[in-house]
Amino acid sequence: MPTGFISIGSNIDKEIHIPSSLQALSELFGELTISSVFESEPVGFVGDSFHNLVVQFESELSAKEVAKLLKQIELDHGRSRESQKFSARTLDLDLILYGDQIISDGRLQIPRDEIERYAFVLEPLAEIAPNATHPISRRCYKDLWHDFDKRDLRQTKLEK
């Protein structure tokens, strides 16, 4: 059964949408491993800060089926299908890893390149899966985080 990782973000009513999304995910996948919550400035636009975290789960579903379920949870939380990439959002759920799978199928990209580009994805991932390895680079997430350029880091760990 593949182990998957989902990046979660919200900057609209985040105190409502993040706990609600965790409940929905646990109903679908059972026990979750949940990272700390990190507050970060928006990337690519001006707006309220985001709360971000990563969860680990196991499922027998295909990656495509999981991604479809995540999109439905986003819609259930008021996300518009027309929302722009860099914009405020009630909820953003991205399947960033699924086992050792490497998938490039339209909008479904696994592993997501955000893992190595954004601290708000990599730091929580490194927290809950430090010794897991990236399917392409074969480097563990704690090493990727250690080597991440933190000079302009605008992110704060809020809670565990």
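## Burial and the aromatic pairs

A residue is taken as buried when its relative accessible area is under 20%, and in this predicted model Trp 145, at 15% relative accessibility, therefore counts as buried. Its ring and that of Phe 148 have their centres 5.4 Å apart and their planes at 25°, so the two form a stacked pair; Phe 148 is likewise buried, with a relative accessible area of 17%.

The structure holds four aromatic pairs. Another stacked pair is made by Tyr 118 and Phe 120, whose rings lie 5.0 Å centre to centre with 10° between the planes. Tyr 118 has a relative accessible area of 13% and is buried, while Phe 120, at 19% relative accessibility, also counts as buried because the limit is under 20%.

## Packing of H1 against H2

Helix H1, spanning residues 14-29, packs with helix H2, spanning residues 63-76, at an angle of about 145°, and their axes are 11 Å apart; the crossing of the two helices is right-handed. On the H1 side the contact involves Ser 21, Ala 24, Leu 25, Leu 28 and Phe 29, which meet Val 66, Leu 69, Leu 70 and Ile 73 of H2. Sorted by class, this contact has eight nonpolar residues, one polar residue and no charged residues.

In soluble globular proteins, nonpolar side chains tend to be buried together. The largest nonpolar core here has 24 residues, of which Ile 6, Ile 8, Leu 25, Phe 57 and Leu 95 touch the most other members. Two or more residues are given to this core by each of strand S1 (3-10), H1, strand S4 (50-58), H2, strand S5 (92-98) and strand S7 (108-110). Apart from this core lies another, of 18 residues, including Leu 97, Ile 115, Ala 119 and Ala 129.

Once residues up to four places away in sequence are set aside, Ile 8 touches Ile 18, Ser 21, Leu 22 and Leu 25, as well as His 51, Asn 52, Leu 53, Val 55, Leu 91, Asp 92 and Leu 93.

## Ser 7 in strand S1

Ser 7 is found in strand S1 and, at 6% relative accessibility, counts as buried. Again leaving out residues up to four places away in sequence, Ser 7 touches Leu 53, Val 54, Asp 92, Leu 93, Asp 94, Ile 96 and Val 121.

Key:
Residues are numbered from 1 along each chain as its sequence is written. This is a predicted model: local features need pLDDT of at least 70, side-chain atom pairs count only at pLDDT 80 or more; totals for chains, interfaces and linings use all residues. Side-chain values use heavy atoms; hydrogens and water are left out. Axes are lines fitted to C-alpha atoms, for helices over the stretch in contact, and angles run from 0 to 180 degrees between N-to-C directions. Helices (H or I, at least four residues) and strands (E, at least two) are DSSP runs, numbered from the N terminus. A crossing is left-handed if the near helix is turned anticlockwise from the far one by less than a right angle, and right-handed if clockwise. Contact means heavy atoms within 4.5 Å. Ala, Val, Leu, Ile, Met, Phe, Trp, Tyr, Cys and Pro count as nonpolar, Asp, Glu, Lys and Arg as charged, and the others, Gly among them, as polar. A nonpolar core is a set of buried Ala, Val, Leu, Ile, Met, Phe, Trp, Tyr and Cys residues joined through side-chain atoms within 4.5 Å. Buried means under 20% relative accessible area, exposed over 50%, partly exposed in between (1.4 Å probe, protein chains only). Rings of Phe, Tyr and Trp (its six-membered ring) pair if their centres lie within 6.5 Å; planes under 30 degrees apart count as stacked, over 60 as edge-to-face and the rest as tilted.
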